[in-house]
Amino acid sequence: MSWQAAAGRYATLPYRRCGRSGLRLPAVSLGLWHNFGDGDDPARRREIVRTAFDHGITHFDLANNYGPPPGSAESSFGRLLELDLRPYRDEIVVSTKAGYTMWPGPYGDWGSRKYLVASLDQSLKRMGLDYVDIFYHHRPDPATPIEETMAALDHIVRSGRALYVGVSNYNGEQTRQAAAELRRLGTPCIVNQSRYNMFTRQAESDLLPVLAQEGIGGVAFSPLAQGLLTDRYLGGQLPGDSRVAGGVGFLRREHLTEARLRSAAGLHAFALERGQSLAQLALRWVLRQPSVSSALIGASKPGQVLEALRAAAMPGMEDAESAQIEALLAD
């Protein structure tokens, strides 16, 4: 008998409107940046995705270069779609991106129309899909006119390859320019995906005001600062299976500074007072922002998904609690 998703999967997780669009995203989305490459356990990948969907996570986020090797995360997700999720395609939001190096030569990187359209066609083939729900330009291209890049996104929607488009790693002014050009073309920019967490806060002054003004939803990636805002590194410990020890992702040993470890320890104690883990506190803190439609998590085991889901259902923060967090981050 084929797998059946849990009947009560929409009972608890909140859904937030993505900017002014009609699309609503789960407060917590699942990113497949790590743990879905060729070297990862297929059974564990399947259990993570099943757990997520069983509990209301409908948004699965990918990019052409996720793996390793590049492309393998999309291929892995395509197999999971075929095994389990194909009957639920209309309940799922699949997003992917292009903007980083994918193949040799001048047409396999950045933001030209040729690269973006070719890359998405490859992504669709890897996943076995006719279209994605959201397609992002993954990073600004300083050499290609923004008019060309946005025209490519407009073409992608009009050709039926994507339902919505957005940008990722664009700062506030770049996002404003992209939104204006897409608006002129008649295809709105509905979402911006950018790094945002307690230790990386540039978005608060630069990007979030633009999202509010333009009616664009924010998807916050790395809300746990690549694991710094969890209990894995408290006291400076370095677990053998951690990203730092394995050299995976952007987190490096030099990022485990005394100041950050001290802040993490204080935040951990504060989280315990609220009946939360440090990771749950960090997620609730990101979700306090009205412009953040969803916090994007990664997971190496189903239990991490469940912990994040419990955070989304927890109460928000009082002003006094936010002030305490600010004091802890300032230490």
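User: Happy to start: is D84 buried or exposed?

Analyst: A quick note on the basis: this is a predicted model, where local features need pLDDT of at least 70, side-chain atom pairs count only at pLDDT 80 or more, and totals for chains, interfaces and linings use all residues. Residues are numbered from 1 along each chain as its sequence is written, and side-chain values use heavy atoms, with hydrogens and water left out. Buried means under 20% relative accessible area, exposed over 50%, and partly exposed in between (1.4 Å probe, protein chains only). D84 has a relative accessible area of 3%, so D84 is buried.

User: Which side chain meets D84 in a salt bridge?

Analyst: A salt bridge here is a side-chain nitrogen of Lys or Arg within 4 Å of a carboxyl oxygen of Asp or Glu. The N to O distance is 2.8 Å, and the partner is R46.

User: Why does the pair of R46 and D84 tie together parts of the chain?

Analyst: Helices (H or I, at least four residues) and strands (E, at least two) are DSSP runs, numbered from the N terminus. R46 lies in helix 1 (residues 42-54) and D84 in helix 2 (residues 72-85), so the pair joins parts whose separation in sequence is 38 residues.

User: Which residues are linked with R183 in a network of salt bridges?

Analyst: R183 and E214 meet at 3.0 Å, N to O. That pair links helix 5 (residues 172-185) with helix 7 (residues 208-214), 31 residues apart. E214 counts as buried at 15% relative accessibility. The network joins R183 with E173, R176 and E214.

User: How many residues apart are E204 and R288?

Analyst: These two form a salt bridge, their closest N and O atoms being 3.2 Å apart. E204 is partly exposed at 24%, and R288 is partly exposed at 28%. E204 sits in helix 6 (residues 202-206) and R288 in the loop between helix 10 (278-287) and strand 10 (292-297), a separation of 84 residues.

User: Which residue just after helix 4 takes a positive phi?

Analyst: Within helix 4, the buried residues include T149, M150 and L153. Just beyond the helix, a phi of about 85° belongs to G160.
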